[in-house]
Amino acid sequence: MSSTAGQVIRCRAAVAWEAGKPLVIEKVEVAPPQAMEVRLKILFTSLCHTDVYFWEAKGQTPMFPRIFGHEAGGIVESVGEGVTDLKPGDHVLPVFTGECKECAHCKSEESNMCDLLRINTDRGVMIGDGQSRFSINGKPIYHFVGTSTFSEYTVCHIGSVAKISPLAPLDKVCILSCGITTGLGAALNVAQPKKGSTVAVFGLGAVGLGAAEGARIAGASRIIGIDMNPKRFIEAKKFGITEFVNPKDHDKPVQEVLAEMTDGGVDRSIECTGNVNAMISAFECVHDGWGVAVLVGVPNKDDVFKTHPMNLLNERTLKGTFFGNYKPKSDLPSVVEMYMNKELDLEKFITHEISLSEINKAFEYMLGGDGLRCIIRMDS
């Protein structure tokens, strides 16, 4: 039993008070976990583009003050009533989605979209009682996607916490909580390229490079990276990408460029931008008869995907994926093991490391297109 179990913990957290304004390091009170919840001591976290998107309050109801953060690694500090599969001291990754293990989705081998714990960006409170576990001088501070890892301590639902090997370095595997795993799974679990195949990856941010890493692990012989920012091409070579296409360099649709490069189309394509035109290109660039396109990026709410039905009738397949089709609690430990077994290289995704007090630098890096993942140490 932790010495702080059952007590309110006062700790540092980076609080977003207003949309787009720098985060402020505050002393916050973190309440004890309630039934089916755990309180975690976060040791390392990283910034994902999703944090930036909601911090900027683009396209959704603004909710402030709020503690962002959802890619992290930590240790269980205490557990609430009814928690049996985690104990204080366990090493864990909190995840923005979850696995209740009771709903139809969790019981299905084909889905990871838990009815209870599926991502909900509009919910700023705990699912059990509708209350926040964070406060400053009695004023509630909103949660973010059930994780809020920009705090030295946080409270999560048990279904959104994956127990991992205590031997795994948390300053590396913390980045597996979201983007890299999403891209990796889109390739390995959904696109499933055959050895020697050709794969196109649209968007060479962290998710796209995770997809490229998955294609490399699967044995693809040609991995073509598509991005409108040529500065990304140099870094992307580390991830097994063999060729690059900048759509701005061509006076024809990029799907036609790719078809010419690959004798009729690529075997697999993975779209990681969320741009609906890139989604259409990703689908139309796959080879008829066997081509598979996988959509990963999240579109704007008013976007419409348009393509001619013959593209489907000619035996092209269009798929979507959420978190790379990984079930968080069941499958994430095996992704950590891939890293531990040197099958998956995470170091090349990490381009900066800073302390919690410097967290606004991480936002500057991402907004400036500088690097992939910035690790934030919580201990200094």
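Cysteine 106 is buried, at 13% relative accessibility, where buried means under 20% relative accessible area, exposed over 50%, and partly exposed in between, with a 1.4 Å probe and protein chains only. Its sulfur lies 3.7 Å from the closest cysteine sulfur, that of cysteine 103, which is too far for a bond. A disulfide is a pair of cysteine sulfur atoms within 2.5 Å, and by this rule the count is zero. Cysteine 156 is in no disulfide either, as the nearest cysteine sulfur, in cysteine 11, is 13 Å away. Cysteine 156 is buried, with a relative accessible area of 0%.

The model is a predicted one, in which local features need pLDDT of at least 70 and side-chain atom pairs count only at pLDDT 80 or more, while totals for chains, interfaces and linings use all residues. Residues are numbered from 1 along each chain as its sequence is written, and side-chain values use heavy atoms, with hydrogens and water left out.

The domain assignment of the protein chain gives domain 1 (9-175 + 346-377) and domain 2 (182-321); such bounds come from an automatic or database domain assignment. The centres of the two domains, taken over C-alpha atoms, are 30 Å apart. Six residues of domain 1 are in contact with ten of domain 2, contact meaning heavy atoms within 4.5 Å.

The interior can be described through its nonpolar cores, each a set of buried Ala, Val, Leu, Ile, Met, Phe, Trp, Tyr and Cys residues joined through side-chain atoms within 4.5 Å. The largest has 97 residues, and Phe150, Val173, Leu176, Ile270 and Leu346 have the most contacts inside it. Helix H4 (residues 179-191) gives the most to this core, with six residues; helices (H or I, at least four residues) and strands (E, at least two) are DSSP runs numbered from the N terminus.

Leaving aside residues up to four places away in sequence, isoleucine 270 touches Ala186, Ala187, Ala191, Val199, Ala200, Val201, Phe202, Ala211, Val294 and Val296. A second, separate core has 15 residues, including Ile224, Ile226, Ala282 and Val286.
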